[in-house]
Amino acid sequence: MSMPPDEEIKRDMLARMASKLEASPKSMAWMIAKYKEAEGIDNTAVARFLHVGEEQLLHLALCSRPRVELFNEDIESIADHLSIEQRPLLELVRHVEALESFQYASQAGSSQWLAAARDIAEEPTSAYDVDVEGAEDEKHDNILDDEQ
Amino acid sequence: MSSEVAAYGRILHARFLSGDATAFEEVYISYCDKVFAGIEYKVRTKPNLWLDVEIAKEAVNSAFMSYFQNPGSYDPEKSALLSYLKMAAYGDYVNEWIKERRKQSKVVEIRDTEGNTTIERIEDDETVDDVADLNAGNLRGEAFMRALSENQDELMIVNQMIEGMKDTQRCIAELGWPDGKQSVQRLYKERDKLKKRFKRNLPKLLGDDQP
């Protein structure tokens, strides 16, 4: 049975909205996109992992990302609202969050390493050191002159 | 709009602002078809506007995306959430629709001296004045004009362009076309088309393509 045209338009719009929201880290669409990217999988595989249909996955994508301070409550509320299982949803979100913090840490880490490497490699000899050496030589020469 | 709808919108908005994870999905599912229908309805009431489903879909989603990114831009004191989204989507629709029309009106049919036709785009930085800059004396030989076009109106427009005649109403009157917006649009399009044809065939028209 074919869908009435209005339903087709609505479904197409829903799919496009989900893909638009992938640009916003505040959305579940972003989290799903990150998960797909990390795992190298497509929507069908994510839907299978979450035990949901592809249409339900689009609805999930339109939800906001769970708040840090109300994480469990938000996961529960999303799961209840869309009638999906909590556990795989929780796993997906935790997985992406772990990737996110790992990425952040490795970026910060690598930039710190680079900064440290630069400090060692590029630490300039201070002008003071050069002058002191020169001054020491001059002083030494003067002493010799005095001695002569 | 009923006060119930407005109240429902206010609740959804408050939930979304407070960070409720499912609020935006509910806003979208409850309103997206109504926002789309709002565009359809408004377009029907405007004589010079018609519905482009693809542009309408995009406009609806742009309105929701703006709301998702910046829900604070909606003031529940001023209007219902649904009215706000409808207005935003309609504004986006009109802008995109006009942009698309402009793009299409800039496509002209070019005929070369051998009678082959191609469809070309007129770029924004191309102006018909360039044609008038050319040395009119060398370019208005009978054979040259015949090679450019055999249509009397077109030839008259080329002459007007070469003479640097810029008064649109005078040009239209000379051509014997009726007054009005349609003739102005037609003249602009003809000028663009001729200019493109002129540029494309200039070496051939001047005989510069001969070894």
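Twelve residue pairs are in polar contact between chain A and chain B, counting pairs with both residues at pLDDT 80 or more. A polar contact here is a pair of N or O atoms within 3.5 Å; within protein, one must be able to donate a hydrogen and the other to accept it, and residues adjacent in sequence count only if both atoms are side-chain atoms. On the chain A side, helix H1 (5–21) and helix H5 (71–82) each bring at least two residues to the face that touches chain B. H1(A) gives the largest share of that face, with nine residues. By type, the touching residues of chain A split into nine nonpolar, six polar and seven charged. For that tally, Ala, Val, Leu, Ile, Met, Phe, Trp, Tyr, Cys and Pro count as nonpolar, Asp, Glu, Lys and Arg as charged, and the others, Gly among them, as polar. Helices (H or I, at least four residues) and strands (E, at least two) are DSSP runs, numbered from the N terminus.

Before going on, keep in mind that this is a predicted model: local features need pLDDT of at least 70, side-chain atom pairs count only at pLDDT 80 or more, and totals for chains, interfaces and linings use all residues. Residues are numbered from 1 along each chain as its sequence is written, chains are lettered from A and ligands numbered from 1 in the order in which they are written, and side-chain values use heavy atoms, with hydrogens and water left out.

**Where the chains meet**

In total, 22 residues of chain A are in contact with 25 residues of chain B, contact being heavy atoms within 4.5 Å. The area buried between the two chains is about 2200 Å², and carbon and sulfur atoms give 63% of it. Buried area is the accessible area (1.4 Å probe) that two parts lose on being put together, summed over both.

The rule finds five salt bridges across the interface of chain A and chain B, a salt bridge being a side-chain nitrogen of Lys or Arg within 4 Å of a carboxyl oxygen of Asp or Glu. A:Asp12, A:Arg16, A:Lys20, B:Glu54, B:Lys57 and B:Glu58 are linked in a network of such bridges.

**Salt bridges, one by one**

Over all chains the count comes to 19 salt bridges. Here are some of them:

| Pair | N to O distance |
|---|---|
| B:Glu58 and A:Lys20 | 2.9 Å |
| A:Arg11 and A:Glu55 | 3.1 Å |
| A:Glu97 and A:Arg94 | 3.1 Å |
| B:Asp20 and B:Arg15 | 2.7 Å |

Take the bridge between A:Arg11 and A:Glu55. A:Arg11 lies in helix H1 of chain A and A:Glu55 in helix H4 (residues 54–61), so the pair ties together parts that are 44 residues apart in sequence. Both ends are partly exposed: A:Arg11 has a relative accessible area of 30%, and A:Glu55 has 37%. The cut-offs are under 20% relative accessible area for buried, over 50% for exposed and partly exposed in between (1.4 Å probe, protein chains only).

Is A:Glu97 buried or exposed? It counts as buried, at 18% relative accessibility, while A:Arg94 is partly exposed at 43%. Leaving out residues up to four places away in sequence, A:Glu97 touches A:Met31, A:Arg65 and A:Phe71.

**The rest of the two chains**

Helix H3 (residues 43–50) of chain A has A:Ala45, A:Val46, A:Ala47 and A:Leu50 as its buried residues. Just after H3(A), A:His51 takes a positive phi of about 60 degrees.

Chain B has ten helices and two strands, running α-α-α-α-β-β-α-α-α-α-α-α from the N terminus. Of its 211 residues, 40% are buried. Among its contacts between residues at least 6 apart in sequence, 61% join residues at least 24 apart.

Chain A has a mean pLDDT of 80, with 68% of its residues at 70 or more; pLDDT is the predictor's confidence in each residue, from 0 to 100. Over residues 120–148 of chain A, pLDDT stays under 50, and the model has one contact there beyond four places in sequence.
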